[in-house]
Amino acid sequence: MSDVKYSKEHEWLKLDGDIATIGITKHATEMLGDIVFAELPEKGSTVEKDGTAGVVESTKAASDVYTPISGEVIDTNQSIVEDPSKINADPEGEAWFFKLKIKDVKELDTLMNKDEYDKFAKESSQ
Amino acid sequence: MIKKTSLYNLHKKHNARLVEFAGYEMPIQYKDGIIQEHKFTRSNCGIFDVSHMGQLFIYGKENLTKDLENIFPIDLKKLNLNQSKYSFLMDENACIYDDLIITKILEGYLIILNAACKEDDLRIIKNKLNNKYDLQLKDDLSLIALQGPEAKNILEKKVEGVSKLKFMNGGNFKFSDINIFITRSGYTGEDGFEISIKNNYAEKFVEEMLSNGSKMIGLGARDTLRMEAGLCLYGNDIDKNTTPIEANLKWAISKNRIDTDYPGSKIIKKQIQSGVEKIRVGIKPENRVIARGNTKIFSNDDKEIGKITSGTFGPSVDHSIAMGYVNNQYSNLNTKLFLEVRGKKIPAHVCNLPFYKKNYVKGEINV
């Protein structure tokens, strides 16, 4: 799992060459509660690191989804738009949000590895 | 300081996520989450801690009914012993200080008030009654709601006779060695009961209901349940800027009180006769987007015509649902509207309330 990185906004990013698959973490879904709506970025659009790249809504509130790195959106997961409950069921697997063609690999250095993220998530929920 | 109800330890034990609500530390949800809790209530029996709500007892003999009729727009004289009615506390402009349930009890009345309003309500009511009566806002009593189709069976096992109560009627019952007061009422669109019980017995009572198959339900599901049932939440859908007529709650004003005197009576009469400028309607967005409170509403020709006051996802109707106020001319059923969410105009339409109508199980219809 060494190729998975995490942001402070509770997104995960999985690397495959110069393509990154991005979603929200299990910890994020636990904080949000039942997700009932998801909005994804447009395929073909470009997104900037830490910029908004989607929205999720739980029964309680709406939350922005941020992109941990910059790039061009090459694919989006429409199955989570059709059935947002998938995000709660398998947030770090089947329920990925979008895929990016990475613009600048150096941006990856700002992200956390799993241990760092777990520690961060634990501290931030206290 | 943040207050705790008598069930606080029980909430903790059931892994509640606690939030501050109206000055109390209250459970927003437990470990199953809002959607499961919502569905469990619709199919089985949910337990809600609503002890934060005010239980105001007013005792007095002569003239109490008459004096209360000068405050509330209902026909209290016709209220039978232990019968309940929904009503409002209003100002002279018919704007709503609070919505409430008033029940005739022996030698007085019990009024259930919203948690955030109860202290102000007490002051207002006391003042209007010229301090003539004995008013007690009880904090030694808890209030527990049991809601759902199985509520009557689960409660009957421990409180004999309770299933004979009619809707919006109550009575005194025994639990263990103490008296409890129960009304058949609720805020979910389901059959159910609200139980007023001494604080030091509340936990024991809830434990018994849990062991008979009900589950703890948080305020999150309480909100989605009441939204589906088309019920107003004070502070969102009704407040000091709305009247009962604007809120489409005319049914709660007793017919034979329309021509009589109470705070706001002139405005209510005028609004009934000549209509209102804005009115509360049910609204269904045409996709899954949730339009929350304060979302702007636009007409088909792009005029701003109102605001959403509550919006959520309805787990039982499996749809985004909302309610809000629109200019009266746009309030007809199926009127096309647009809701501005995150800069986009989402198509929606005016729909009937409630969103969810109870489907009684087969066999029960003929009983």
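This is a predicted model: local features need pLDDT of at least 70, side-chain atom pairs count only at pLDDT 80 or more; totals for chains, interfaces and linings use all residues.
Is Tyr66(A) buried or exposed, and how many other C-beta atoms lie within 10 Å?

1. Tyr66(A) is buried, since 20 other C-beta atoms lie within 10 Å, and 20 or more is what it takes to count as buried. You will find Tyr66(A) in strand β7 of chain A, which covers residues 62-66.

2. Now look at the surroundings of Tyr66(A). Leaving aside residues up to four places away in sequence, Tyr66(A) touches Glu9(A), Glu11(A), Asp50(A), Gly51(A), Thr52(A) and Ala53(A). Ile24(A) is 42 residues apart from Tyr66(A) along the chain, and their C-alpha atoms are separated by 9.2 Å.

3. Next, turn to chain B and its helix α5, residues 151-158, where Ala151(B), Ile154(B) and Leu155(B) are the buried residues. Viewed down the axis of α5(B), these buried residues fall within an arc of 90°, so they line one face of the helix. A helix makes a turn every 3.6 residues, so residues three or four places apart point the same way.

4. What do the buried residues of α5(B) pack against? Their partners are β9 (141-147), β12 (192-198) and α6 (199-211) of chain B.

5. Strand β12(B) deserves a visit of its own. Six of its seven residues are buried, so it is mostly covered. β12(B) runs antiparallel to β9(B), joined by seven bridges, and antiparallel to β11(B) (residues 178-183), joined by three.

Terms used. Residues are numbered from 1 along each chain as its sequence is written. Chains are lettered from A and ligands numbered from 1 in the order in which they are written. A residue is buried if 20 or more other C-beta atoms lie within 10 Å of its own, exposed if 12 or fewer, and partly exposed in between; C-beta atoms are placed from the backbone. Helices (H or I, at least four residues) and strands (E, at least two) are DSSP runs, numbered from the N terminus. The arc is that of the directions from the helix axis to the C-beta atoms. Two residues are in contact if their C-beta atoms, placed from the backbone, lie within 7 Å. Two strands pair if DSSP finds at least two bridges between them.
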